[in-house]
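Here are a few friendly notes to go with the model you sent over.

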Amino acid sequence: MLTGGQHVRPGDLPSTLSRVELRDDQPTQHEVGGRTFLVADVQPLDLDGVRTVEVGVGLWLLGFLLLLPFYGRLADEGRTWWLWTCLAGFGLGLFGLEYCRRRRKARLARDEQRDG
């Protein structure tokens, strides 16, 4: 039994803990309240996230542009943070978009190298 503060080396682990099977067995049905629900075998729509991040970045930009004409009113009511939140969301989204594009490019290069 391990207690707090103890350090364990991989060789010291019991055999059941040291061997981990990496599999992705998903259930095909769920039983809830006496009913059985079947799980469809559906592929994800967006594998690399680029399209999702593009939509998010576009919405942040749209929010910023729609709030910009109301800057005076927002300032009077102490809500200019709405405008700056949209701008920050747009800027951070651009970083996320570049990250997703690079990840997609690396994944495609890895798959091409593996295939041939």
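1. Helix α4 covers residues 80-115, and at 1.5 Å a residue its 36 residues should span 52 Å; the end C-alpha atoms are 52 Å apart, so the two agree. The expected span here is 1.5 Å times one less than the number of residues. Helices (H or I, at least four residues) and strands (E, at least two) are DSSP runs, numbered from the N terminus.

2. A word on the basis: this is a predicted model, in which local features need pLDDT of at least 70 and side-chain atom pairs count only at pLDDT 80 or more, while totals for chains, interfaces and linings use all residues. Residues are numbered from 1 along each chain as its sequence is written, and side-chain values use heavy atoms, with hydrogens and water left out.

3. For the overall layout, the chain has 4 helices and 2 strands, arranged along the sequence as α-β-β-α-α-α. Of its 116 residues, 12% count as buried. Buried means under 20% relative accessible area, exposed over 50%, and partly exposed in between (1.4 Å probe, protein chains only).

4. Which residues of α4 are buried? They are Leu83, Cys86, Gly89, Gly93, Leu97 and Cys100. Their cover includes α2 (50-67) and α3 (71-76), where contact means heavy atoms within 4.5 Å.

5. The axes of α2 and α4 come within 8 Å and cross at roughly 160°, which makes α2 roughly antiparallel to α4. Axes are lines fitted to C-alpha atoms, for helices over the stretch in contact, and angles run from 0 to 180 degrees between N-to-C directions. Angles under 35 degrees count as roughly parallel, over 145 as roughly antiparallel, 65 to 115 as roughly perpendicular and the rest as oblique.

6. Leu83 lies in helix α4 and counts as buried because its relative accessibility is 0%. The C-alpha atoms of Leu83 and Phe64 are separated by 5.6 Å, although the two residues are 19 apart along the chain.

7. Gly93, also in helix α4, is buried with a relative accessible area of 14%. Not counting residues up to four places away in sequence, Gly93 touches Val53 and Val57. Between the C-alpha atoms of Gly93 and Val55, 38 residues apart along the chain, the separation is 9.7 Å.

8. Finally, among contacts in the chain between residues at least 6 apart in sequence, 45% join residues at least 24 apart.
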